[in-house]
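Student: I'm new to this one. Could you walk me through how to read a few of its features?

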Amino acid sequence: MKIIMFGTKTAERPYAKEWAEMTGNEVKLVSENLTPETLDMVKGFDGVSIQETSLLGDADFYRQLAELGIKQISTRTAGYDMLDLKACQANGITVTNVAVYSPRAIAEMGLTQAMYLLRRIGEYESREKQGDFRWNPELISNEIYNLTVGVIGLGNIGGATAQLYKALGARVLAYDPNKNVEYAPFVEFTDMSTIIRTADIITLHTPLLPSTKNMLAAPQFASMKKGAIVINMARGGLINTADLLDALKSKHLGGAGLDTLADEFSFFNQEVPFDQTPADYQELAKMPNVLVTPHVAFFTKTSIRNMVHISLDDVVKVVNGEHSRNEVRI
């Protein structure tokens, strides 16, 4: 079988080659993303694997894919909001994702950012650069076991996050429309408004859907406890960035840890001069109580290998007419 792997990152290449040698399939690795401009590259291939977060194309794009004989798209990500699922369905294209590649990788990054912000490390560093090494009472911090953590979205990553915080002694609240009883020993199930009002740390682990877009905006920030910390390891569109900036500038929020931004597509995983990055990022990057990482929470050796292998396994299954447990349904 011939598979083309779009958006191939350097770190993925050895694992793709390893998989090809193990399975005897041919995999062409290209750095370009699958777009209307690169659509012709799929000619002669049986299957497609992608790794991107920006929209692929309009309905006609999927029609052309189907005309080229493509029956599936396998994304090497948990998120699939870059795909038009209705257009895929209309053109007989099956979509698979990698929902579970290493939940701990994302959970550990979120916890790392939360602890950095909780202990005010960025603020201390900022003052030290100005020659101020005093024990300023404004920067006194708390310990995690004294705090309430709110996990919004209790899937695999949210569940792993809850376990880490629980192990550190925190009280963990959780909200998910689909109550996952597997994580009941680690959380207290509640509603989202209770989390917004009572949690000291609020961490997001939900997909980006019409119902979740801007789920944290001005009304939610205003309802949070003064000094609360917000962590987003999921999708940038879950947070209204302008409202987040206002809440940070007013000092109502204590900090924010962001591995994703709504406008990240134009500069994440690229080399871009700082003054050419989006204005909201420039403001966030200058704040000592904010951490922004370029969507790298997943970026561990374990995650990358699993994402590549699972995605390519699914290409073979779908092309051969088999069912994949990773199939995304509307």
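This is a predicted model: local features need pLDDT of at least 70, side-chain atom pairs count only at pLDDT 80 or more; totals for chains, interfaces and linings use all residues.

Student: Which side chains does a polar contact of 2.8 Å join here?

Tutor: Those of Ser311 and Ser74. Ser311 sits in helix H11, which covers residues 301-319.

Student: Is Ser311 buried or exposed?

Tutor: Buried means under 20% relative accessible area. Ser311 has a relative accessible area of 0%, so it counts as buried. Setting aside neighbours within four places in sequence, Ser311 is in contact with Ser49, Ser74, Thr75, Arg76, Val98 and Asn306.

Student: Okay, on to rings. How many aromatic pairs are there in the whole structure?

Tutor: A search turns up 5. To sort a pair, look at the angle between the planes: over 60 degrees is edge-to-face, under 30 is stacked, and the rest are tilted. Take Phe61 and Tyr62: their ring centres are 5.2 Å apart and their planes stand at 90°, so this pair is edge-to-face. Both Phe61 and Tyr62 are buried.

Student: And why does the pair of Phe267 and Tyr281 count as tilted?

Tutor: Because their planes are at 50°, with the ring centres 5.2 Å apart. Phe267 lies in the loop between strand E11 (253-258) and helix H10 (279-285), while Tyr281 is in helix H10, so the pair ties together parts 14 residues apart in sequence. Phe267 is buried at 7% relative accessibility, and Tyr281 is buried too, at 18%.

Student: Which residues form one aromatic cluster?

Tutor: Phe267, Phe268, Phe274 and Tyr281. A ring can also have a charge over it: Lys2 lies over the face of Phe45, 5.1 Å from the ring centre.

Student: What about the nonpolar cores: how many residues does the largest one have?

Tutor: A core is a set of buried nonpolar residues joined through side-chain atoms within 4.5 Å. The largest here has 44 residues, and Tyr165 and Ile201 have the most contacts inside it. Helix H4 (residues 103-118) supplies the largest share of this core, 7 residues. Leaving out residues up to four places away in sequence, Tyr165 touches several residues, including Leu111, Ile144, Val172 and Ile201.

Student: What lies apart from that core?

Tutor: Another core, of 31 residues, with Leu173, Ile202, Met215 and Leu258 among them.

Definitions and conventions:
Residues are numbered from 1 along each chain as its sequence is written. Side-chain values use heavy atoms; hydrogens and water are left out. Rings of Phe, Tyr and Trp (its six-membered ring) pair if their centres lie within 6.5 Å; planes under 30 degrees apart count as stacked, over 60 as edge-to-face and the rest as tilted. Buried means under 20% relative accessible area, exposed over 50%, partly exposed in between (1.4 Å probe, protein chains only). Helices (H or I, at least four residues) and strands (E, at least two) are DSSP runs, numbered from the N terminus. A charge sits over a ring if NZ of Lys or CZ of Arg is within 6 Å of the ring centre and within 35 degrees of the ring normal. Contact means heavy atoms within 4.5 Å. A polar contact is a pair of N or O atoms within 3.5 Å; within protein, one must be able to donate a hydrogen and the other to accept it, and residues adjacent in sequence count only if both atoms are side-chain atoms.
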